[in-house]
Amino acid sequence: MDSAPASSDPRARPIAVFDSGVGGLTVLDELLVRLPREDFVYLGDTARFPYGERSPDEIERFAAEIAEELLRRRAKLLVVACNSVASSALPSLSARMRQTTLGLDVLGVVRPEAIRAVAATRSGRIGLLATPTTVASGAYELAVATVDAHVTLHSVACPGLAAIIQAGEQFDEDAVASVRMACEPLRVAGVDTVILGCTHYPLISPLLQRMLGPEVTLITSGAALARQVEHALSTRELQNPRTEGEGDYMFLCTGDVDAFREVGTRFLQMPLGAVEHVQLAEAEVLA
């Protein structure tokens, strides 16, 4: 289905999910499985992809613009399926959403991954593969230290990797060598758990697993974030009242619609149907 009708009942409103591109569909996939009665609206800011090497100020402005668009779609919960946004702009975005009439909760991918990684590690040495912006933010270091101050996080920035994955092209020798180079310091550090700090990275998890070794546990955001969303809906009593059938979903993108549909279908492994092009309006960023 390709639309989510507006409703005066807050429970019947959609959950909004957004990312800089199509990588967040790996999160949406988990949400669709765990919350089949809910309606969803997904926005991919493909016109400005990738976010991974942009400045925090730019990312904060982009997130505010996206949030305003999703508010107009009457979202009841906002899920940030973009690690760069969750690392750089979550506090300001949460402040903005708390000022709305419904007081929307904003959930991001960083904390759920940190909690799962700390629970999974046996040695206390955790690795992080992420975009340069996410690594530079220090958000994962803070999140991991908050859960367990005795755990060590080894972070590696992977410039350009998300773009290669989104393009959907066959990995050539140079691309594989780049992945191998990113994984090498984590192997040297002896990590036993690695956080995939970009929602695109799960798409190449078999390659990463081979590079890191079969004994290393890979942590992705989808399942952990889906559980957090389920908990937030229950706490706020916002579960959709639908008792049977599947929820509706719709897709929005800021760039080329056909390209989004093609890549999105491959990522989500189901036909996306209609994809609506949106032009984002600038929004004032809160201090």
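This is a predicted model: local features need pLDDT of at least 70, side-chain atom pairs count only at pLDDT 80 or more; totals for chains, interfaces and linings use all residues.
**Entry: the cavities**

I asked how many cavities of 30 Å³ or more there are. The count comes to 2. I then went to the largest cavity, which holds about 160 Å³ of space. Its lining is made up of 23 residues. Nearest the centre I noted Pro50, Gly52, Thr131, Ala162 and Cys198.

Which helix gives the most to this lining? I found that H8 does, with 3 residues. Helix H8 covers 161-167, and helix H3 (83-88) and helix H6 (132-137) join H8 in supplying at least two residues each. Sorting the lining of the largest cavity by class, I got 11 nonpolar, 10 polar and 2 charged residues.

**Entry: the largest pocket**

Next I turned to the largest pocket, with about 350 Å³ of space. I listed 17 lining residues there, and those nearest the centre are Ala86, Leu90, Val110, Arg111 and Ala143.

I looked up where the lining comes from. H3 turns up here too, supplying at least two residues, as do helix H4 (90-98), S4, helix H5 (110-120) and helix H7 (139-147). H7 gives the most to the pocket lining, with 4 residues. By class I have 11 nonpolar, 5 polar and 1 charged for this lining.

**Entry: the sheet**

Strand S4 came up in the pocket lining, and that sent me to the sheet. I traced 6 strands in an open sheet, in the order S4-S3-S1-S2-S9-S10, with parallel pairing. From one strand to the next, I noted an average twist of 20°.

Strand S1 (residues 15-19) runs parallel to strand S2 (residues 40-44), and the two pair over 5 bridges. Within this pair, I found Ala16 opposite Val41 in S2.

Last, I checked helix H12 (residues 257-268), which packs on the sheet. I saw H12 touching S2, strand S9 (249-253) and S10. The direction of H12 makes about 130° with that of S9.

Note on methods:
Residues are numbered from 1 along each chain as its sequence is written. Side-chain values use heavy atoms; hydrogens and water are left out. Two strands pair if DSSP finds at least two bridges between them. Axes are lines fitted to C-alpha atoms, for helices over the stretch in contact, and angles run from 0 to 180 degrees between N-to-C directions. Contact means heavy atoms within 4.5 Å. On a 1 Å grid over the protein atoms alone, a cavity is a set of points where a 1.4 Å probe fits but cannot get out, and a pocket is an open set with protein on both sides within 12 Å along at least five of seven lines; lining residues have an atom within 4 Å of a point. Grid points are joined across faces, edges and corners, and a volume is the space filled by probe spheres set on the points. Ala, Val, Leu, Ile, Met, Phe, Trp, Tyr, Cys and Pro count as nonpolar, Asp, Glu, Lys and Arg as charged, and the others, Gly among them, as polar.
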